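Please open the model in a viewer and keep the selection panel at hand.

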Amino acid sequence: MQNKGLIKVFAILFGLVCLYQLSFTFITSKVENEAEDFAVERIGEDIEDYSALRDAEETRYLDSIGSDEIFAGITYNNAKEKELNKGLDLKGGINVILQISVKDILHGLANNTDDPAFNQALNKADEAQQNSQDDYVDLFFEAYNNIPDARLASPDAFFNRDLSNEINADMSNDEVEPIIRRKVDESITSAFEVLRKRIDKFGVTQPNIQRLGNSGRILVELPGAKDISRVQGLLQSTAQLEFWHVYKSNDFGNFLADANNRLKDLVNNEQVETTEEVDTADAETDDDLDELLAEAEEDTSEVSAGNNPLFDLIQSPGYQGGPVLAYFQPRDTAKAMEYLNKPQVRSLLSAEQRYAKFVWGIPEGEQELVGLYAVKGNRNMEPPLSGSVITDAQQTYDQVGRVAVSMQMDGTGAKIWEEMTGVASENQSQIAIVLDNIVYSAPGVSSGAISGGRSEITGDFSVTEGQDLANVLRAGKLPASADIIQSEIVGPSLGQEAIDSGIMSFVIALIFVLIWMVFYYGKAGLFADVALVVNILFIFGILAGLGAVLTLPGIAGIVLTIGMSVDANVLIFERIREELAKGKVQKDAIKDGFNNALSSILDANITTGLTGFILLVLGTGPIKGFATTLLIGIATSLFTAIFITRLFIDGYGKNNKSLDFATGATKNLFRNVKINWLGKRKIAYVISGILLIISIGSLVVQKLNFGVDFVGGRTYTVRFDQAVNATEVQDALTAQFGSAEAKTYGPNNQLKITTNYRVDDDGSEVDDEIQEGMYEALQDYLPSDLSFEQFAATGGGGNQGIGIMESMKVGPTIADDIKNDSFWAVLGSLVVIFLYILLRFRKWQFSIGAVAAVAHDVIIVLGIFSILYKVMPFSMEINQAFIAAILTVIGYSLNDTVVVFDRIREYVNEHTSWPLGRTVNSALDSTISRTINTSLTTLIVLLSIFIFGGESIRGFMFALIVGVIVGTYSSLFIATPVMFDSVTDKSKIEKKKKVEEEETESTTA
């Protein structure tokens, strides 16, 4: 192998980079464990609602040491930003898809017209969307254009004052359509920006928000979010854009000083009361955790002793005459607002300031300090001007080329704006632009009252900041609702259980593979084990470096990669053994073995990679995580098997050391196998035909158990304090909802409950109604002291670990989309594979054989799920995870098939005088050791995940286990025979007849 030195350097450097990337995860994990231990010591289980109090204590601890250096300049805060991201199923939290109502946007752009034609087109678009994948805007335009004489540029549609600068009465429908599309897209972008800003307030460390195409759908993932009801409320509430007059900082200088003095006594009294309740044992604890927190607590104790409760939180004052009263650290904003809103403190405000409202700004500067503003409120706390008057806002440039934001208001807003800007100009004060109680900008007015409703905001903006402000301003007029059409909520305790089970399955699978490779290949297997460990390091390091999200299916993908990564080493070692058997010296055998195996390795991994890529493109959430780890694992497995293993083997053989690629028990295993595989193809055809008929029959008669992913509905994982009878619970729920299903899910005190009650209705009030109904129906099975709030608190009833552990909702529209995407994913993978094999082997017969085997495998897996879903003690739903399993089965089946085909192609070129039947049989004989080795290893790994990997992926693993068994069978008895029988070349036909005669003679004999 050439360039060994370069490969060594690269491998070492890349390994160090991976260790560096993973070090952040180790650091944050260590600190968070210390915080958890500290919270447990401080708050005992005998305290009411101790779980929530511990969470708050952990947060305070982490805030107090967040900026302290831990190692080499690394703090907890910056390590947290770079750690390996954990997904919803491992960390708990919420994952939702929001549908921004494009119908509402169109109606708003038309000034809420009552025109019958316009509203008829909207209703037609509603109906069409139920069974269409097209965007709502396209459906609306299609319906509107079908109405005789209907014109988009009519005063009853989009030719109105708000759009008069862009649309005139002479425009055709084709000319108006792109303008409306742009306006709709701007509105959705505004909604996206509003949601992104809101999410920043949740305190979630690794949020993810992204637009899903042009459908008006927005994906929001908040791993670790605990206050689920608050998250749902904020995500669905409409944007509140307001304009307020602002007090100057010097108006509140005396108030802040008086407030600080008043707080000295208030905080000191509270501290004394709290101290009396603390157990004396806490004061005696002097372990490292208390020492770490001691410095942070010194400030609090000093405050309570009479220092400066408010002033100690202020990082810097606002400038004289400006709108900012003072600047604070983000972590101190909640405490400062709590101080300022105390009745004893607000009583210090002067008579004209008594309605003042304190509001935070957005983080500014390198330190991201947050400014405190005081807006001029009134008795009803209604703003002088709301965002509903904004008709348009754009990022522009002023006369001297500075970034600016221009905005246009309607007639009503223009009059009020003229009054407000007149007052601000006269008093040399500012007007705050407030969105969802956050001040985004507080511009001054330098040129007198602004009339006409068109204004320009200038300041020290970047282009991005100007665009963001324009989005905020446009959001104020957004007339669209945001409905949750798909959601998944996982409690943190269930996430921890998933981590524990995932790690256990990972360790067991790894140990088995390491031992098996040494047992089968001796010292060479030990070298493969080292490469495997390096491979795992690379996978996790790349995941951390890319900022990818690790999910439970992702862990399954890694464990599956472990099982499949031995395939490359097995291929190499088997080829080396063949070369040694031919009498070649060890050095030449190793060289030829690696070279001869390379083609099969590349073909097998490319076909698996293609299915993984389709999953990555079409999958969402956990499925995308599975595809990501699978693709990364394929790439790293190739590198470690081809280069790292080769480095060890070449290095060992430098001093003429003998290296047997086998042990005493396996040296002659599968060495002289001679099986007439093609002679058994007719029996295989009969067996497969029977299995296919049974499978198709079950699919027609018994059908499949489709999950809510595909049919819509709501599903809940509910845990009880005792074993429950699923049938009895199902009867109680059916009486409540009319339709419900309950199945044991893991332990016998946990059920998976599914209902399609009010499946067509979105909204939090419907979710609440279903949870309340479920709570009522389950009263006989729940503890008498468990309140509804505890039952519905995702994560298990507060401290009791009972109630709703996770939930999922899928609306019927998105369920149809998921179903269609899944269909195209499977069909697309078959087409891509057919074309790749056709391109690679240059014979359509190979493609036919491969696709026939894959179709055979998919139908049988579906059939087994159809036959067994009513009797198996675990969930066998057809959902997105199952589609991922099907695509993985396709990839694995092809992996096997391509290795066999590659050997057939090689034998055809080497033994040109052989009949095709002999060539095929010999090729299958030569690959049987690799086939059994890889299949057995992968099966054991899958069984490890199936048994120890957690309930949520048990059905997923069962599909893979069935797929590996059926895929191994089909590569030997379906793909190759179909390829053989489809050969029509005359010379080949003669050879086929000859081999068939030989088969007949041998059978007769």
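**Before selecting anything**

This is a predicted model, in which local features need pLDDT of at least 70 and side-chain atom pairs count only at pLDDT 80 or more, while totals for chains, interfaces and linings use all residues. Residues are numbered from 1 along each chain as its sequence is written, and side-chain values use heavy atoms, with hydrogens and water left out.

**Stop 1: the whole chain**

Display the protein chain as a cartoon; it has 32 helices and 23 strands. Helices (H or I, at least four residues) and strands (E, at least two) are DSSP runs, numbered from the N terminus. Of the 1005 residues in the chain, 53% are buried. Buried means under 20% relative accessible area, exposed over 50%, and partly exposed in between (1.4 Å probe, protein chains only). Contact is defined as heavy atoms within 4.5 Å. Among contacts between residues at least 6 apart in sequence, 74% join residues at least 24 apart.

**Stop 2: helix 20 and helix 29**

Two packed helices are described by the angle between their axes and the distance between the axes. Axes are lines fitted to C-alpha atoms, for helices over the stretch in contact, and angles run from 0 to 180 degrees between N-to-C directions. Select residues 586–618, which form helix 20, together with helix 29; their axes come within 8 Å and cross at roughly 160°. The two helices are therefore roughly antiparallel to each other. Angles under 35 degrees count as roughly parallel, over 145 as roughly antiparallel, 65 to 115 as roughly perpendicular and the rest as oblique. Helix 20 passes helix 29 in a right-handed crossing. A crossing is right-handed if the near helix is turned clockwise from the far one by less than a right angle, and left-handed if anticlockwise.

Now show side chains at the contact. Helix 20 contributes residues including S599, D603, T607 and L615, and helix 29 contributes residues including A884, L887, L894, D902 and R905. By class, the contact of helix 20 with helix 29 holds 8 nonpolar, 8 polar and 3 charged residues. Ala, Val, Leu, Ile, Met, Phe, Trp, Tyr, Cys and Pro count as nonpolar, Asp, Glu, Lys and Arg as charged, and the others, Gly among them, as polar.

**Stop 3**

Remain on helix 29, residues 880–910, and select D902 and R905, which lie 3 residues apart, about one turn of the helix. Their side chains meet in a salt bridge (2.5 Å, N to O). A salt bridge is a side-chain nitrogen of Lys or Arg within 4 Å of a carboxyl oxygen of Asp or Glu. D902 is buried, with a relative accessible area of 4%.

Next select R903 and E906, also in helix 29 and 3 residues apart. These two residues form a salt bridge whose closest N and O atoms are 3.9 Å apart. R903 counts as buried at 6% relative accessibility.

**Stop 4**

How many salt bridges does a search of the whole structure find? The search finds 31. For one of particular interest on this tour, select D138 and R181, whose side chains meet at 2.4 Å, N to O. D138 lies in helix 7 (residues 136–145) and R181 in helix 8 (residues 173–200), so the pair ties together parts that are 43 residues apart in sequence. Both residues are partly exposed: D138 has a relative accessible area of 30%, and R181 has 35%.

**Stop 5: helix 22 and helix 31**

Select residues 681–701 (helix 22) and 954–981 (helix 31), which pack at an angle of about 115°, with their axes 10 Å apart. Helix 22 and helix 31 are therefore roughly perpendicular to each other. Helix 22 passes helix 31 in a left-handed crossing.

**Stop 6: loop residues**

Select N111, in the loop between helix 5 and helix 6. N111 has a positive phi of about 55° although it is not a glycine, and it is partly exposed at 42% relative accessible area.

Move to D149, in the loop between helix 7 and helix 8. D149 has a positive phi of about 60°, again without being a glycine. Is D149 buried or exposed? D149 is exposed, with a relative accessible area of 78%.
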